[in-house]
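Me: I would like to learn how to read helices, their packing and a chain contact in a model. Please go through them one at a time.

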Amino acid sequence: MTDAILEVVGLTRRFGTVVANDDVTLRVRPGDVVGLLGHNGAGKTTLVNQLVGLLRPDAGTIRVGDADAVEDPAAARRHVALQPQAQAPIDGLTPRRAIELSGRIRGLSARDARAAATALAEEFDLGPWLDRRALPEGGVLSGGIRRLTSFAMAVAAPMPLLVLDEPTNDIDASRRRLLWDAVRRRGDEGSGVLVVTHNVAEAERVVDDLVVLHHGRVVASGSPARLRGTQDSDLRLDLQLQPDGQDPSTAANPTGPGTSPSVTIRRQVRAGRRVLLTVPAEEAAAAVTWATSLRDEERIDGFSLGPVTLEDTYLALTADPKPRPDAIEREPETSEEEPAHA
Amino acid sequence: MPEQTPPMPVQTLQTQPGTSPTRPATLPAPSAAGALTTYSTLLRWTLSQIGAMLPLIIVVQALLAAGIIVGFGFLIPDIDPATALFLSTGAPTVLLLTLGLVMVPQGVARARTDGTFHYMRSMPVWRPLLLAADLTVWLIVALPSVAVAVLVAFWRYDITLSLDWPVLISATVLVTVTAAAVGYAIAVTLPPLLAQLVTQVLVFFVLLFSPITFPLEQLPHWFQAVHEWLPAAPGADLVRAGLASDTFAASGRDLLVLGAWCVGGLAVSLRALVRRG
C-alpha cells in the first residue's frame, strides 16, 4: 500500500544506444512538491513524456494515483495535468479563453472554468493581457505571458498530480516569484507536484524533495537540507575568476606557491568563471584572508562567502567525470598546474 | 436505492499511523468531461487557432475553383455543354481532395512541430475525439468550396444542375473526410519533409491524372483498372451524382471503395494518435 500519487520504479527508456532514463525510481506524495533537476539532455523530458503516456518505457513501472500508467495511460492522464516544455498551443486564443478551454477539458463546468480563469489571472497578474489574442507571429503576448498562461492552463482544474516541465522559462523575475509561490500553493492544497527545472536556486525555496538526474540516472534524491549535506558546519566560498583566469583553488593547498591558504577545501566545483568551494565554517576567517589576497593580487575579480547552497551540491553531483564541452576548458589548466605541485 | 459508498474525505481525514495529520489527502481526479463537451471544446479550440485565416482559406478555395473551371476550359476551346457539365461537377471533388491531401497534412505537420499535437495528446481526451474535432474543422473549411465551384460553373458555362441533396451532402462529407483522413494519415506516418513531397505528388496526380474533370474512358485501360481501386474516381462519381442526378449516377461500388479508403485513413490516423513512441 502506497500513499504516493506518483510512483516510478526502475524506469528505463532507450533511444537506440542512448539510455535516456536508466533505472529511475522516484515518488511524489500528495501535497509534496518534488523538483526534478538535471542538465539539458539528462532525461527529464523523456521521463515526463512517459508519465503522460506519450512514450512507452522499455522497463519499469509508473503508477499515477491508482492507475498503471504503462498499461493504461488514458486512466493515468485523468489524474495528471502537464505543462509541457514547449509553449501551449494558444495562437488565436486569449489567455482567458485558453484557461477556460483547458479547464473544460479537465471536467470543469463552464461557470467554474470562467471563475478559474478570472482567479488565475488575478494570481499571476495577467489582467492587462487576459483578453488579448495570441498571434502566431508573437508581439501581442510575450513568451513569459504565454508561459504563465500555459501554467494557468495546467492548473485550471485542481488535479491530483501536476507535472511542470521548466515552468519558469521566459518568465521575468517578479512573476517567477509569483509562479513559484503558486507551485507551492498547489502542493499545499493537496496536489502532488513534479517540477522539472534547472533553476536550482529558485526551486530550493519551494520544493520538499529533489531528485537529481544525470545522464538518465538518479544520482541523488532527498530533501534540500539532506542533499546540501554539509548542514551548517560548512560555508561556500564563491570565487569570481577573471576572464581567462586560472582556478586558484587548484593551488590552494599549503604547498601552493604564492598562496597562504590554511583553508581546507571539502568540495570544489567550477561553474563557468566561478569556482565554488565548500570550506569549514571555523576556517571562515582564513578563507576570507586568502580570497582577499587573491583579489589584491588580481588573480580573481571578487569573491563572496556565504552558506552552502543546493546549487553547489547540484553542480558537484552533475559534474561530469567524462570530458564534456564545459569540462574540457578546465582540463588543460589542471594539467598545466600539476607539474608545479610535483 | 443502492447503498451509497461513504464519501472519501471521511476516510482520508483520519490520521493513519506514521502519517502527519497535516498531510493533505489525495485530491480526487476530476470527473472526466463528457464526450460532447470535450468534442465541442476541442472544436472551439481548433477553430480559434485557424480563426482569422478562415475567410482567407475560403477565398483561396474560391480562386482555386475558378482556376479549375475557367482554366481547364481554356484547354478545351469549343467546350460542349456535356463536357462543361462534367468539368464543372468534377471541380468540387478536385478542391475537396486537394484540401484533404495538401492542407490537412500541412496543418498536421505544423501541429507536430509547434507542439500542438503533443499538447493535445497529453490531455485526458479520448483520442477519436481529437481526430473528430480536427476533421470537423476541415469539413467546415471545405464545404464552402463546393458551393463556390458550382457558382463559378454557373457563371462560366451556364450549366443546368439537378441536385439530389441527400446524395450531395453525404457524398461531399464522405469525400472530405476520406481525403482529410488520408492526408492526416500521411502526415502522422511519414517524416515531415517526405510527407510534403508525397502530398505534392498526390495533388499533381489528382489534378491531371485522375478521372475527375474528364471521363474515365479517356485514360488507358490499365490506368482505368488502377483507378477502380483509388478514391478519386469513386469520390468524383458520387459528388457528380449529387450535383447532376439527371445525367450521372454513382454505383454502390463507388461507395464501397471510398468507404474503405475512409476507414483506412481513419484507422492509421487514430493509431498514430494512440501510439506511444
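Me: What should I know about the model and its numbering?
Reply: This is a predicted model, in which local features need pLDDT of at least 70 and side-chain atom pairs count only at pLDDT 80 or more, while totals for chains, interfaces and linings use all residues. Residues are numbered from 1 along each chain as its sequence is written, and chains are lettered from A and ligands numbered from 1 in the order in which they are written.

Me: How many helices and strands does chain A have?
Reply: Helices (H or I, at least four residues) and strands (E, at least two) are DSSP runs, numbered from the N terminus. Chain A has twelve helices and 14 strands.

Me: What share of chain A is buried?
Reply: A residue is buried if 20 or more other C-beta atoms lie within 10 Å of its own, exposed if 12 or fewer, and partly exposed in between, with C-beta atoms placed from the backbone. Of the 342 residues in chain A, 48% are buried.

Me: Is helix α5 of chain A mostly covered or mostly open?
Reply: Mostly covered: ten of the twelve residues of α5(A) are buried, among them A:Ile145, A:Leu148, A:Phe151 and A:Met153. Two residues are in contact if their C-beta atoms, placed from the backbone, lie within 7 Å. The cover of the buried residues of α5(A) includes β6 (80–83), α3, α4 (110–123), β7 (161–165) and α6 (173–188) of chain A. A:Gly143 also lies in α5(A), but A:Gly143 counts as exposed because it has 12 C-beta neighbours inside 10 Å.

Me: Which elements of chain A touch chain B?
Reply: In total, 35 residues of chain A are in contact with 30 residues of chain B. On the chain A side, α2 (73–77) and α3 (95–105) are the elements that give two or more residues, and α3(A) gives the most, with four. For classes, Ala, Val, Leu, Ile, Met, Phe, Trp, Tyr, Cys and Pro count as nonpolar, Asp, Glu, Lys and Arg as charged, and the others, Gly among them, as polar. The side of chain A that touches chain B has 18 nonpolar, nine polar and eight charged residues.

Me: How do I read the packing of two helices?
Reply: Two packed helices are described by the angle between their axes and the distance between the axes. Axes are lines fitted to C-alpha atoms, for helices over the stretch in contact, and angles run from 0 to 180 degrees between N-to-C directions. In chain B, α4 (residues 81–114) and α8 (residues 192–209) pack at about 175°, with axes 9 Å apart. That makes α4(B) roughly antiparallel (over 145 degrees) to α8(B). The residues that meet include B:Leu97 and B:Leu101 in α4(B), and B:Leu202 and B:Val206 in α8(B). By class, this contact has twelve nonpolar, three polar and one charged residues.

Me: At what angle do α7(B) and α10(B) cross?
Reply: Their axes cross at roughly 155° and come within 8 Å. Here too, α7(B) is roughly antiparallel to α10(B). By class, the contact of α7(B) with α10(B) has nine nonpolar, four polar and no charged residues.

Me: What packs against the buried residues of α11(B)?
Reply: These residues, including B:Trp261 and B:Leu266, pack against α6 (127–157), α7 (165–189) and α10 (232–243) of chain B.

Notes: Parallel < 35°, antiparallel > 145°, perpendicular 65-115°, else oblique.
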